[in-house]
Amino acid sequence: MQGKTKGAGRRGRRSAQHAADATLDVGALPAIEALEDIPAFSDFQVNDAQLDAFERVRASSETPDELKLGCVVRLDRGFPLVVTAEALFRAEHAVGFAKQNKEKGDGMLPAVGDRVAVRLAPGHDMGVIERVLPRRTVFERWRGKNRGERQVLCANVDTVLIVQALGAGEVLLGRVARSLVLARDCGAAPAVVLTKADRCTPDELARERGRVRRLVGADIPIIVTSSALATGLDGVRAQVPAGTCAMILGESGAGKSTLLNALLGHDALATGAVRERDDAGRHTTVARVMVALPGDAGVIADAPGLRSLPLVGHERGLALSFPEVVRASHGCRFSDCTHTHEPGCAVREAVDAGEIDQVRLDAFLALADEMRVSAQSLDPDIHL
Ligand SMILES: Nc1nc2c(ncn2[C@@H]2O[C@H](COP(=O)(O)OP(=O)(O)O)[C@@H](O)[C@H]2O)c(=O)[nH]1
Ligand SMILES: [Mg+2]
Ligand SMILES: [Zn+2]
């Protein structure tokens with residue numbers, strides 16, 4: 001996932017510039033005092049690699065006392081909000097940050113969930129992020145047709161809540177499978193959340209749950225919720241124990257923000273139709289928000305709905321999501337077997353023998369095919 005990308009350096013500079021612009025525009029960002037449910041620093045775990053990296057930054061700093069461990073809990077127009085053990089403040093990137101981090105690619109600009117070394121000089125209310133500390137996991141998506149840019153949606157994610165709405169036709173299994181692969185690829189645990197259960201009959205619910213179960217296999221939790229009826233909320237909460245971070249992933253309108261509001265017990269997040277641009281023509285939906293669940297529970301990151309989730313180079317995630325297909329494929333006669341028409345295909349034999357579910361094979365083949373095509377169009381050096 002951390003491979004070379006052609007557009008990385010370019011985007012890095014642009015984003016740093018973006019943050020610099022935001023400095024001038026800080027009045028337009030939501031007032032910190034008005035923000036609710038912001039996680040405390042104690043809601044986050046910091047691992048040894050992150051602590052070590054922080055100590056190294058501190059050891060080489062001229063003002064080590066000003067450096068603190070922090071976590072990025074929100075991005076407004078790319079502008080980070082950072083929480084430390086003592087304070088909550090906005091921060092900009094250190095001068096030359098993008099340059100320093102260029103070799104590491106786009107991925108090292110601060111994202112929600114990042115543990116950072118941040119400097120807060122006495123008397124300042126604006127911090128400076130000196131370094132993004134090593135990420136335990138990182139949920140990224142590719143965007144741009146041929147440019148191969150990656151966008152980090154959340155760093156240090158433990159769980160990905162894959163949200164799909166009920167009551168609007170069949171649940172899109174392709175979308176669930178794709179989200180599953182992305183979650184597995186970054187090392188997070190996936191769970192499927194089927195929202196708006198009040199909009200379908202018990203029969204429809206049973207059928208949809210059955211379809212999703214066939215796709216994801218026995219081990220992945222499927223939680224059915226209705227924010228309208230306040231059902232299934234404990235099931236979601238159970239996926240987000242204290243000290244962990246879940247990212248909520250689903251299309252616009254899937255009911256993500258409504259679900260978070262139900263979990264929080266008040267209307268913290270805007271729901272319904274989302275404005276794409278404000279009156280001045282600026283994007284208003286770029287806020288990425290983390291909220292702390294009440295009581296003995298963890299943190300959830302909400303993101304604006306994502307229309308596309310292209311799969312590029314997520315072979316690891318694919319293999320982890322469909323282990324039985326990969327295992328069987330070792331028995332195929334041809335090492336480049338596509339498991340569609342070749343003689344001696346052990347995967348199709350396993351399907352015929354009832355050892356692999358056809359639904360899962362179909363999902364696997366569609367995603368593998370997409371990755372093969374996208375890899376060819378993006379970078380001739382990547383082979384599947
Ligand atoms: N009937 C019903 N509608 C819901 C439920 N949850 C969300 N909605 C509606 O679905 C629409 C989109 O919800 P929202 O939370 O903004 O979706 P998001 O884009 O995924 O954050 C809103 O009009 C909500 O009122 C639910 O459990 N039942
Ligand atoms: Mg929303
Ligand atoms: Zn085969």
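A polar contact here is a pair of N or O atoms within 3.5 Å. Keep that cut-off in mind at the ligand. The model is predicted.

**Stop 1: ligand 1**

Select ligand 1 and its shell. The shell holds 16 residues. Asp198, Gly253, Lys256, Thr258 and Gly272 are the closest.

Now show the polar contacts one by one. Start at Asp198: an N or O atom of its side chain sits 2.7 Å from a nitrogen atom of ligand 1. Move to Gly253. Here the backbone supplies the N or O atom, 2.7 Å from an oxygen atom of the ligand. Then pick Thr258, where a polar side-chain atom is 2.5 Å from an oxygen atom of ligand 1. Ligand 1 taken alone exposes 580 Å², and the protein buries 77% of that.

Colour the shell by residue class. Nine of its residues are polar, five are charged and two are nonpolar.

**Stop 2: helix α7**

Stay with Lys256 and select residues 256-264, which form helix α7. Seven of these nine residues are buried, so the helix is largely enclosed by the rest of the structure. Which residues of α7 are buried? They are Lys256, Ser257, Leu259, Leu260, Asn261, Leu263 and Leu264.

Among the strands are β8 (159-165), β9 (189-195) and β11 (245-249). β12 (288-292) and β13 (299-302) also belong to the set, as does helix α6 (233-238). Step off the end of the helix to Gly265, which follows α7 and has a positive phi, near 85°.

**Stop 3: the nonpolar cores**

Select Phe139, Val216 and Met290. These have the most contacts inside the largest nonpolar core, which has 80 residues. Helix α4 (residues 173-185) gives this core its largest share, seven residues.

Centre on Phe139. Beyond its neighbours within four places in sequence, its contacts include Gln151, Val152, Leu153, Cys154, Val157 and Val160. Further along the chain, Phe139 is in contact with Leu182, Ala183, Cys186, Met247 and Leu249. Another core lies apart from the largest one; it has 21 residues, among them Val193, Ala254, Leu259 and Leu260. Leu259 and Leu260 take you back to α7, where both are buried.

**Stop 4: the whole chain**

Zoom out and show the cartoon. The protein chain has 11 helices and 13 strands. It runs to 384 residues, and 51% of them count as buried. Of the contacts between residues at least 6 apart in sequence, 69% join residues at least 24 apart.

How values were computed:
Residues numbered from 1 in each chain as written. Chains lettered and ligands numbered in written order. Predicted model: local features only at pLDDT ≥ 70, side-chain atom pairs only at ≥ 80, totals over all residues. Heavy atoms only, no water. Near = heavy atom within 4 Å. Polar contact = N/O pair within 3.5 Å; in protein donor to acceptor, adjacent residues only side chain to side chain. Areas by Shrake-Rupley, 256 points an atom, 1.4 Å probe, with all protein chains shown as cover. Nonpolar A, V, L, I, M, F, W, Y, C, P; charged D, E, K, R; others polar. Helix = DSSP H or I, 4+ residues; strand = E, 2+ residues; numbered from the N terminus. Buried < 20%, exposed > 50% of the residue type's maximum accessible area, 1.4 Å probe, protein only. Contact = heavy atoms within 4.5 Å. Core = buried A, V, L, I, M, F, W, Y, C linked by side-chain atoms within 4.5 Å.
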